[in-house]
Amino acid sequence: TVMNSHSHTTKAFLPKMLELNHGHIVTVASSLGLFSTAGVEDYCASKFGAIGFHESLSHELKASEKDGINMTLVCPYLVDTGMFRGCRIRKEIEAFLPPLKPEFCVKQAMRAILTDQPMICTPRIVYMVNFMKSILPFEAIVCMYRFLGADKCMYPFLAQRKEAMNNNEAKNGI
């Protein structure tokens, strides 16, 4: 799965990086690894796991004083790849926070990697939401999610997916 491939890839390259004290490890996660939403618990859990692995490895490298190995954590908001087609936040907010173009996310990630930035959240408001999550009580976060329409943003996506599966089953006579 995603976590296994990430740790296996790291295990394959990390020994030589440690020997040379040189390299750069990039973890591509998601804003849904920083804060979650209803309906996609498995996806959120995998992204939380990737971020936890990244943070743990970062601490390990700092503790071993391997300052030539850099790490960058990439956490974009919804990227317009079709993966979560139908995901919708409140329409009044969506104009200010539309799905991101993949090319934009790549440019932001590359800039962060090339400047040894430890973390890049796209758009920048993701930093604020993550900070607010760390200082506000859970019920305040629930209110913020409801205001933004983020509490049920995946429901239209899930409904479309269920309908597509039902249509596919009907075609196949299942």
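Helices here are DSSP runs of H or I with at least four residues, strands are E runs of at least two, and both are numbered from the N terminus. By that scheme, Lys47 sits in helix α2. The model is a predicted one: local features need pLDDT of at least 70, side-chain atom pairs count only at pLDDT 80 or more, and totals for chains, interfaces and linings use all residues. Residues are numbered from 1 along each chain as its sequence is written, and side-chain values use heavy atoms, with hydrogens and water left out.

**The sheet**

- Three strands make an open, parallel sheet, ordered β1-β2-β3; two strands pair if DSSP finds at least two bridges between them.
- At the edges are β1 (23-28) and β3 (119-122), each of which pairs on one side only.
- On average, neighbouring strands of this sheet are turned by 15° against each other, direction ignored; axes are lines fitted to C-alpha atoms, for helices over the stretch in contact, and angles run from 0 to 180 degrees between N-to-C directions.
- Strand β2 (residues 69-76) runs parallel to β1, and 6 bridges join the two.
- As for who faces whom, His24 stands opposite Asn70 in β2.

**Helices on the sheet**

- Helix α2 (residues 41-63) packs on the sheet and touches β1 and β2, where contact means heavy atoms within 4.5 Å.
- The direction of α2 makes about 160° with that of β2.
- Helix α5 (residues 125-135) lies across β2 and β3, and runs at about 105° to β3.

**Back to Lys47**

- Is Lys47 buried or exposed? Its relative accessible area is 11%, so Lys47 counts as buried; the cut-offs are under 20% for buried, over 50% for exposed and partly exposed in between, using a 1.4 Å probe and protein chains only.
- Leaving out residues up to four places away in sequence, Lys47 touches Val28, Ala29, Ser30, Leu32 and Gly33.
- Go 13 residues along the chain from Lys47 and you reach Glu60, with 20 Å between the two C-alpha atoms.

**The cysteines**

- How many disulfides are there? The count comes to 0, a disulfide being a pair of cysteine sulfur atoms within 2.5 Å.
- Cys87 is buried, at 6% relative accessibility.
- Cys153 is buried too, with a relative accessible area of 8%.
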